[in-house]
Amino acid sequence: TENLTLVQAVRDGLATEMERDEDVVVMGEDVGKNGGVFRATEGLYDEFGENRVIDTPLAESGIVGTAIGMAAYGLRPVAEMQFMGFIYPAFDQIVSHAARLRTRSRGRYTCPLVVRAPYGGGIRAPEHHSESTEAMFVHQPGLKVAIPSTPADAKGLLTSAIRSPDPVIFLEPKLIYRAFREEVPTESYEIPLGEAAVRREGSDISVYTWGAMTRPTLEAAENLAGEIDVEVVDLRSLSPLDEETIVDSFEKTGRAAVVHEAPKTGGLGAEIIATLQEEALLYQEAPVERITGFDTPFPLYALEDYYLPEAARIEDGIRNAVEF
Amino acid sequence: TENLTLVQAVRDGLATEMERDEDVVVMGEDVGKNGGVFRATEGLYDEFGENRVIDTPLAESGIVGTAIGMAAYGLRPVAEMQFMGFIYPAFDQIVSHAARLRTRSRGRYTCPLVVRAPYGGGIRAPEHHSESTEAMFVHQPGLKVAIPSTPADAKGLLTSAIRSPDPVIFLEPKLIYRAFREEVPTESYEIPLGEAAVRREGSDISVYTWGAMTRPTLEAAENLAGEIDVEVVDLRSLSPLDEETIVDSFEKTGRAAVVHEAPKTGGLGAEIIATLQEEALLYQEAPVERITGFDTPFPLYALEDYYLPEAARIEDGIRNAVEF
Amino acid sequence: MPREDVAEFTIESVQVLAEDETVDEELVPDLSDDQLLELYESMKRSRRLDERAIALQRRGELGTYAPAIGQEAAQVGTAFAMADGDWIVPSFREQPALLVRGTPPEQILQYALGMEEGAEIPDGEGALPPAIPVGSQPLHAVGVGWGEALQDRDNVAVTYFGDGATSEGDVYEAFNFAGVYDAQTVFVCQNNRYAISTGIEKQTKAETFAQKAIAAGIDGIRVDGNDVLGVYRVAQEAIEQARDGEPVLIEALTYRRSMHTTSDDPTAYREPEEESEWEARDPILRFQVFLEDRGLLDDETEDEIDERIESELADAIDRARTAREEVDPADMFRYVYDEMPPYLEAQLEAFEAERGGETDG
Amino acid sequence: MPREDVAEFTIESVQVLAEDETVDEELVPDLSDDQLLELYESMKRSRRLDERAIALQRRGELGTYAPAIGQEAAQVGTAFAMADGDWIVPSFREQPALLVRGTPPEQILQYALGMEEGAEIPDGEGALPPAIPVGSQPLHAVGVGWGEALQDRDNVAVTYFGDGATSEGDVYEAFNFAGVYDAQTVFVCQNNRYAISTGIEKQTKAETFAQKAIAAGIDGIRVDGNDVLGVYRVAQEAIEQARDGEPVLIEALTYRRSMHTTSDDPTAYREPEEESEWEARDPILRFQVFLEDRGLLDDETEDEIDERIESELADAIDRARTAREEVDPADMFRYVYDEMPPYLEAQLEAFEAERGGETDG
Amino acid sequence: EAETPATPEDRIFAPPRVRRMAREEGIDLAQLEGSGPGGRITAADVEAAVRGGSLEGAAQVESTEGADASAEAETTDSTGGTAVGTESATETAEAGAS
Ligand SMILES: Cc1ncc(C[n+]2csc(CCOP(=O)(O)OP(=O)(O)O)c2C)c(N)n1
Ligand SMILES: Cc1ncc(C[n+]2csc(CCOP(=O)(O)OP(=O)(O)O)c2C)c(N)n1
Ligand SMILES: [Mg+2]
Ligand SMILES: [Mg+2]
Ligand SMILES: [Mg+2]
């Protein structure tokens with residue numbers, strides 16, 4: 001193992017898969033010579049050459065659109081969107097093509113494409129650099145969506161994403177790109193898409209979260225320990241959702257909260273709530289709390305700390321659900 | 001009044017507002033000389049001239065992007081996307097700019113833009129012509145989203161949309177463009193955004209729906225009459241949602257279903273369920289049923305009747321909720 | 001250099017067989033008599049398929065159909081110039097090219113019957129399924145052509161789109177990526193003068209569509225798209241150039257002689273005179289006279305061709321109808337992912353259960 | 001016309017004040033001595049603002065900042081050619097142009113402090129807020145310039161973007177819409193040779209960025225972007241042309257002398273030699289020598305200018321800091337819609353309630 | 001099933017889990033008076049009803065209502081622990097008690 005940050009684990013995951021499978025190509029803005037604006041592709045250009053680590057023109061639709069062609073051709077492109085806020089020019093290519101190539105050709109063509117993007121707030125970045133709109137991609141059939149919250153998961157999930165014969169939107173919580181280190185196996189391994197991780201066991205309430213919100217949620221859980229026994233479920237895979245783990249936890253606790261950065265209305269919290277009441281309504285003791293970003297555009301950074309859920313707000317929300 | 005179809009009412013709404021306010025301009029692919037592929041702008045070109053009814057190049061981002069500039073400039077553009085499935089090239093302009101211009105400029109600029117698009121399935125159209133992804137737009141703060149289900153609502157909601165100082169995504173259920181006629185006032189009138197309509201009163205279950213699904217839902221309600229007393233709420237405005245009407249109905253009935261064409265996962269049904277349990281969990285007697293499109297790409301038309309919820313499936317869902 | 005020219009560009013146009021049947025012998029491509037007849041038959045086959053499909057649609061048997069009537073030379077000429085391993089990346093009006101490349105006519109009919117089966121490319125044929133979102137597919141062709149380059153192979157991808165498509169940013173991005181990365185790609189812009197009702201003068205101020213290549217630093221050339229010999233010649237050169245890593249944009253000047261699709265009524269936006277003018281320039285007619293002039297086509301051969309086409313199409317229609325009877329609605333769920341996730345499986349089960357009760361189950 | 005040229009294009013390049021300080025007297029724009037000094041001071045003001053902002057960022061006081069060091073002539077020259085009612089539609093590196101158009105420096109600082117207030121354009125000034133998504137704003141400029149045309153007014157919209165931005169489909173769509181609808185718009189492409197780390201050779205195969213105009217049938221022209229007199233001259237002509245409904249693309253050839261933003265380290269991807277080469281071509285230096293040669297600038301004037309700038313900036317920094325203290329977090333909710341919908345009101349109330357308990361409430 | 005009152009005021013006011021308990025115990029919630037916040041029926045109310053003298057049980061809990069909300073009620077509820085998913089109920093009670 002190696003002691004890596006999350007972004008280093010991403011890099012490691014890319015390098016390991018590129019070594020294993022020469023059809024894997026990395027492409028995007030500044031991913032080559034510069035090693036990526038967050039250094040997620042650092043050194044890959046020197047290691048694998050310009051035909052496998054490709055600096056593209058500044059055009060997200062172009063990147064994803066050509067990557068779709070490459071994927072249909074037989075390569076396994078990993079396309080980086082420099083920030084999730086800049087994924088939208090490629091939205092049409094993602095939902096109209098990547099997501100549908102298998103269906104449209106009845107499996108004759110598949111689209112083994114990974115679209116990587118750093119997402120989320122908290123790093124004092126300019127406008128559009130802090131979005132998290134995973135819900136939009138989860139709503140699109142044909143896509144998978146994964147978000148790691150630890151270095152080891154980052155590598156394992158990315159490996160699965162690259163090997164997936166279907167397109168995966170892989171969102172990286174840039175707030176914790178370098179926040180902590182973890183022992184990460186040197187060799188290649190998969191963490192299957194579709195499996196959540198129970199980060200903390202608890203019996204009073206189930207709190208569902210993912211990505212950068214996992215840490216403040218765990219912090220809130222610790223702060224409440226003794227008072228409220230909080231189970232924290234890190235979804236990791238947002239599409240498909242691990243309904244089993246989600247529902248099992250709720251059947252145990254009967255109370256729940258969802259924590260996400262994205263705006264509340266239409267966020268993924270709603271889907272989790274809908275699933276819970278479909279599968280386990282009779283266990284429910286209180287409304288499921290949504291502890292989320294507000295229904296406003298993500299503010300410029302002077303206000304971002306007010307926007308993002310942090311431990312105190314999460315604690316309040318948990319208390320609401322428990323004290324109902 | 002005049003006896004109009006829904007698409008005629010749209011046309012009438014456009015004409016009435018264009019007469020009232022000369023800043024209103026209509027633009028899009030084939031909206032001018034041809035009067036729109038569904039004839040929603042028929043005759044407007046002759047009536048108002050080519051400077052107010054504009055045939056644009058075939059570029060959705062270009063249409064919405066320039067319309068944003070016009071809106072900032074002081075005009076009130078109504079941009080047509082020929083089908084909702086082709087709105088995605090404009091997605092970035094809509095979510096990154098139209099939705100944010102007011103916030104970004106602290107109200108110095110607003111974006112009084114309407115993006116009209118026929119949406120939904122059932123007309124034996126080619127791939128991409130049958131989508132309904134309203135949930136994605138509802139998730140974006142700064143946008144409003146409206147969907148009429150009757151001719152009179154179409155005109156009144158469209159009038160409100162055009163007069164709205166903020167951008168509105170106005171989705172038109174093309175399946176019922178010409179399905180029936182209704183008396184529509186000749187003069188101009190508004191149906192405020194944010195107000196749902198109870199289409200049928202009932203005491204056993206609240207069924208929430210909108211657009212083209214309103215008709216099969218009402219049909220299902222009639223079929224069940226005597227057995228189950230169904231209340232049908234046509235949301236009309238999806239953003240903002242009329243939480244009051246939604247919750248009031250549920251408090252009365254304690255049971256609910258949501259009917260929409262869009263795929264289930266991450267659809268707007270989830271948001272309605274989340275809202276119900278937040279506001280009225282203690283009234284809830286059964287899981288809220290989601291009667292929706294499947295989590296598959298909208299199929300080519302040979303299978304579309306299997307994909308779309310129809311009266312029989314809606315009845316089954318209602319029964320599930322009531323018999324729980 | 002106070003004020004000086006730093007870059008110059010010209011757009012060339014090619015015509016081999018003129019409207020008045022004069023021929024530039026020097027430019028006539030090196031094709032055997034059989035090949036010339038094959039070109040002709042290919043154009044006719046597509047024309048007849050379109051005509052029969054329109055009739056079927058009018059009878060309520062088919063969904064929306066987009067005929068390529070008038071554009072046969074532009075497509076057959078280019079497709080004919082492709083080699084075995086080459087890829088075709090079509091939009092939704094590419095019957096003539098697809099037929100040349102090996103798609104059986106019944107598949108085209110199945111697609112128009114709303115069956116996904118119609119887009120299931122025969123194995124071994126390098127063809128992506130039709131792209132309905134206008135202008136979205138040239139990027140895929142660049143990806144394919146770039147893939148070929150990255151793997152040091154020398155097939156090319158040929159992609160088709162219209163005049164209207166060139167207004168989509170994606171098409172420009174495709175040109176630009178192709179240029180930067182020497183993608184082995186040929187772009188065939190069929191300028192048929194209309195995007196539904198919108199004439200080319202509302203589509204762009206550019207005087208040619210070929211010059212759009214200049215923005216990306218790649219070559220652009222115009223050809224009379226109703227001259228199958230000219231098209232073939234230009235395409236052949238372009239394809240060879242693309243094989244060497246130099247992408248080319250071909251503008252084929254043609255005319256959409258019929259409706260945009262069967263849902264469209266052109267009388268709303270264009271004059272019958274214009275349509276008659278272009279009828280006179282019909283690519284099949286022009287080539288027919290050429291073949292007759294050269295003694296390659298007589299009434300007997302013509303009849304043979306017609307009969308062959310008619311019987312092929314009759315069979316194709318039968319097969320498509322039969323296939324239509326056999327669609328399995330559950331297929332909807334089967335091609336979303338490699339492995340069906342549990343929630344989708346549950347939906348499929350519920351679907352099957354519900355249908356179990358129905359008579360058509 | 002078997003094989004003939006059907007369209008020809010040339011791209012012209014302009015330079016008035018050369019690197020070696022030779023001047024094309026015929027092309028020198030008709031500007032008063034005061035105006036020439038104003039040009040100079042404007043460039044210096046922006047340079048100093050950038051330098052101070054970088055320093056503040058390094059001390060942790062500012063967020064990400066994108067300096068325009070090296071690009072002052074390209075921006076000041078174009079902005080200076082604009083008239084009162086004209087609109088500026090900037091991207092994120094437009095300090096020099098915004099300062100010329102009247103944005104006070106403290107607003108630029110506030111924006112870099114993460115305050116929405118920094119993008120609140122002073123009333124009466126026709127300026128859209130900075131657009132961060134690369135290449136997205138030229139379409140807005142076309143909408144504005146088209147609006148002017150539709151209303152029969154004659155202001156123009158001038159929009160700024162980089163070499164990298166030209167790869168985005170939206171930028172091409174902007175050119176194309178402008179062409180079709182005679183939008184009163186001038187496009188200023190600052191070719192500073194980099195998009196973050198990506199050099200122009202990976203951005204496009206086109207030999208000039210000006211030629212991208214050809215795809216849209218509008219005029220494109222190149223100018224030495226480090227020659228403020230050349231830029232002014234070209235911009236003035238372009239703006240007048242655009243007033244008459246003929247949009248123009250200007251490519252200003254320049255160099256981003258410092259980092260992409262304060263988060264970037266250029267040593268990872270370019271050589272120091274290159275940077276020194278361009279230091280020698282610095283637009284402020286070149287114009288300073290010109291002014292000295294003409295006897296318009298001496299040490300005394302230079303000192304006056306410097307002092308004025310320093311005191312302005314010191315004030316601006318103070319004001320920005322004060323404003324930063326006064327931000328109201330609840331503002332987040334206030335500019336989403338004209339009227340706050342009930343659910344948002346509820347969120348605001350909850351937010352206020354929670355903050356009521358905090359000391360900084 | 002279809003017989004439901006037409007106004008919210010006539011509606012039974014109880015969390016889903018309590019509804020399940022009642023169903024499992026064959027208790028008609030309409031016969032109970034809610035002792036929880038806002039008059040909602042709590043698990044304790046149902047349990048009291050199960051133990052016989054339903055109104056008695058409810059009243060007993062009701063007396064504690066003023067002091068503090070649900071925590072109290074829940075405590076009573078789970079210490080009575082009958083057919084409920086007892087484990088979680090107990091956990092909840094402990095948390096509420098602390
Ligand atoms: C992105 C997108 N926008 C709109 C449409 C609707 N539409 C289908 S074909 C067409 C016109 C296409 O014109 P052109 O590119 O010239 O091709 P042609 O139809 O002439 O073959 C339009 C607007 C679409 N399919 N995709
Ligand atoms: C759509 C989009 N993609 C990516 C980015 C990230 N980004 C910010 S600036 C930049 C490079 C811009 O290059 P250029 O257009 O040449 O302008 P310059 O920075 O040189 O002024 C990139 C990739 C962005 N802001 N928007
Ligand atoms: Mg685009
Ligand atoms: Mg066309
Ligand atoms: Mg640049």
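Me: In this predicted model, where does Val134(C) meet ligand 1, and with which kind of atom?

Reply: A polar contact is read as a pair of N or O atoms within 3.5 Å. Here, a backbone N or O atom of Val134(C) is placed 2.9 Å from a nitrogen atom of ligand 1, and Ile132(C) likewise brings a polar backbone atom to 2.9 Å from a nitrogen atom of the ligand. As for cover, ligand 1 taken alone exposes 580 Å², and 96% of that is buried by the protein.

Me: Which residues come nearest to ligand 1, and between which chains does the ligand lie?

Reply: A shell is read by listing the residues that have a heavy atom within 4 Å of the ligand. For ligand 1 there are 20 such residues, of which Glu60(B), Arg93(C), Gly164(C), Asn192(C) and Tyr194(C) come nearest, and the ligand lies between chains B and C. Sorted by class, this shell holds 10 nonpolar, 5 polar and 5 charged residues.

Me: How should I read the surroundings of ligand 2, and why is its site described as shared?

Reply: The chain letters of the surrounding residues settle the matter: they come from chains A and D, so the site is shared between chains. Ligand 2 is surrounded by 20 residues, the closest being Glu60(A), Arg93(D), Gly164(D), Asn192(D) and Tyr194(D). By class, the shell around ligand 2 divides into 10 nonpolar, 5 polar and 5 charged residues.

Me: Which polar side-chain atoms lie by ligand 2, and at what distances?

Reply: From chain A, Gln82(A) places a polar side-chain atom 3.5 Å from a nitrogen atom of ligand 2. From chain D, a polar side-chain atom of Arg93(D) lies 2.6 Å from an oxygen atom of the ligand, while an N or O atom in the side chain of His260(D) is 3.4 Å from an oxygen atom of ligand 2. On its own, ligand 2 has 580 Å² of accessible area, and the protein covers 96% of it.

Me: Which residues coordinate the magnesium ion that is ligand 5, and how are these donors spaced along the chain?

Reply: A metal site is read from its donor atoms, and because water is not among the atoms, such a site may look incomplete. The protein donors to ligand 5 are Asp163(D) through OD, Asn192(D) through OD1 and Tyr194(D) through O, at 2.0 to 2.1 Å. Along the chain these donors follow the spacing D-x28-N-x1-Y. Asp163(D) sits in the loop between strand 3 (157-162) and helix 6 (169-181) of chain D, and Asn192(D) in the loop between strand 4 (185-191) and strand 5 (194-195) of chain D, so this pair ties together parts that are 29 residues apart in sequence. Both Asp163(D) and Asn192(D) are buried.

Me: Which residues of helix 8 of chain A are buried, and what do they pack against?

Reply: An α-helix has 3.6 residues a turn, so residues three or four places apart point the same way. In helix 8 (residues 214-224) of chain A, the buried residues are Thr214(A), Pro216(A), Thr217(A), Ala220(A), Ala221(A) and Leu224(A). They pack against strand 9 (197-200), strand 10 (205-209), strand 11 (230-234), strand 13 (256-263) and helix 12 (311-323) of chain A. After the helix comes Gly226(A), with a positive phi near 95°.

Me: How many helices and strands does chain E have, and how much of the chain is buried?

Reply: Chain E has 5 helices and 0 strands, giving the pattern α-α-α-α-α along the sequence. Of its 98 residues, 42% are buried.

Note on methods:
Residues numbered from 1 in each chain as written. Chains lettered and ligands numbered in written order. Predicted model: local features only at pLDDT ≥ 70, side-chain atom pairs only at ≥ 80, totals over all residues. Heavy atoms only, no water. Polar contact = N/O pair within 3.5 Å; in protein donor to acceptor, adjacent residues only side chain to side chain. Areas by Shrake-Rupley, 256 points an atom, 1.4 Å probe, with all protein chains shown as cover. Nonpolar A, V, L, I, M, F, W, Y, C, P; charged D, E, K, R; others polar. Donors = N, O, S within 2.8 Å, 3.2 Å for Na, K, Ca; no water. Helix = DSSP H or I, 4+ residues; strand = E, 2+ residues; numbered from the N terminus. Buried < 20%, exposed > 50% of the residue type's maximum accessible area, 1.4 Å probe, protein only. Contact = heavy atoms within 4.5 Å.
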